[in-house]
Amino acid sequence: MASRPPSQPTSRRPSHSTSRPDKPEPFMLQHASAARIGPNVVPKGVAIIPDGELSAEDRSKRMAAYAAVDEHVKEHHKVLGIGSGSTVPYVVERLSQEPHSLANYDRWFIPTGFQSKELIVKAGLNLGDVDQFPAIDVTIDGADEVDDDLNAIKGGGACQLREKVLAEAADTFIIIADSRKDSKILGTSWKQGVPIEVAPFAWAKVFQNLQKMGCDKPVLRMGKMKAGPVVTDNGNFVIDAVFTEAYMRDPSELLHRIKMLTGVLEVGIFAGMAQAAYFGYPDGTVHVRWQDGRKNIIQAKEEKKVTAPPKEEKK
């Protein structure tokens, strides 16, 4: 009888379950945390850009992300969902700093797509999957627009299906954005329409049904650096459907009607899902709106500004 081959070394981090019995264990599957993306690429942590080198828009995004992480991510939270978009890199940036970084060794981070997966891995954090962790403590994600009732449009980056799975899986779902995304009614500032992920073989029928519903000019989203349509991380197409204000005033009803169309996999309307939304403003303040109607403003703090580390003097 042939002998069994020796086990191959892996990049998996030790579970340390004997010393940390409270660590969340993956559901059913044993799956390693990724240690690198690509051959011979070692995680180097997060490179923090000083505030002075950021645009006013990016500074406001950083403020919103920092405020949301500081308020909602606690030491006992061991499974975090990381969303997509231009604001999310600042979430990973904040999570990589103290005091949050002190709890990261046995904390798992679940991405909504390739962008957030790269951010997690390059920061040297534990990469998980919703297959392992169908229950998430906190998910923080961006948005294309948010209305007065915290309903949101998401999917400008074509990640709406995975984003909604992680939002629903979370005990707490938080939205972060800059002030341009803060609206009274959906469709006010986001003019590209509702992103709808559809099965490729059904896109033409869905397109036709959207026209019958009241969308005059649905658009099959096309790739910018490739010939043909955008293909999501799930291998599907995206249709952007613009509806009038009369439809957008009741996003829950519109969501239900679109979702019932055969061939539709997910709709980029997130209705009644967020517990709070954080909006960074150019003046350095962060405006917070809560699901229960509360509102508050977090003032800019000098001590929280991010600066470049001091340069070592050459000897």
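Predicted model: local features only at pLDDT ≥ 70, side-chain atom pairs only at ≥ 80, totals over all residues.
Strands of a sheet pair through backbone hydrogen bonds, either parallel or antiparallel.

Strand β10 itself covers residues 237-241, and five of its five residues are buried, so the strand is largely enclosed by the rest of the structure. In a regular strand the side chains alternate between the two faces of the sheet. Here F237, I239 and A241 point one way from β10, while V238 and D240 point the other way. Residues on both sides are buried, D240 included.

The next element is an open sheet of three strands, with the order β5-β6-β12 and antiparallel pairing. The edges are taken by β5 (145-146) and β12 (269-270); each has a single partner strand, so one side of each is left without a neighbour in the sheet. Between β5 and strand β6 (residues 152-153), which run antiparallel, there are two bridges. E145 stands opposite I153 in β6.

The loop between β7 (170-178) and β8 contains L186. What does L186 touch, leaving aside residues up to four places away in sequence? Its contacts are E145, V146, D147, N151, A152, I153, M248 and P251. L186 has a relative accessible area of 2%; since the cut-off for buried is under 20%, L186 counts as buried. L186 and R249 are 63 residues apart in sequence, yet their C-alpha atoms are 7.3 Å apart in space.

The remaining feature is a pair of helices. The axes of α1 (residues 56-72) and α2 (residues 88-95) come within 8 Å and cross at roughly 50°. The two helices are therefore oblique to each other. The crossing of α1 past α2 is right-handed. On the α1 side the contact is made by D58, K61, R62, A65, Y66, V69 and D70, and on the α2 side by Y90, V91, E93, R94 and L95.

Note on methods. Residues numbered from 1 in each chain as written. Heavy atoms only, no water. Axes fitted to C-alpha atoms, helices over the stretch in contact; angles between N-to-C directions. Helix = DSSP H or I, 4+ residues; strand = E, 2+ residues; numbered from the N terminus. Parallel < 35°, antiparallel > 145°, perpendicular 65-115°, else oblique. Left-handed = near helix turned anticlockwise from the far one by under 90°. Contact = heavy atoms within 4.5 Å. Pairing = 2+ DSSP bridges. Buried < 20%, exposed > 50% of the residue type's maximum accessible area, 1.4 Å probe, protein only.
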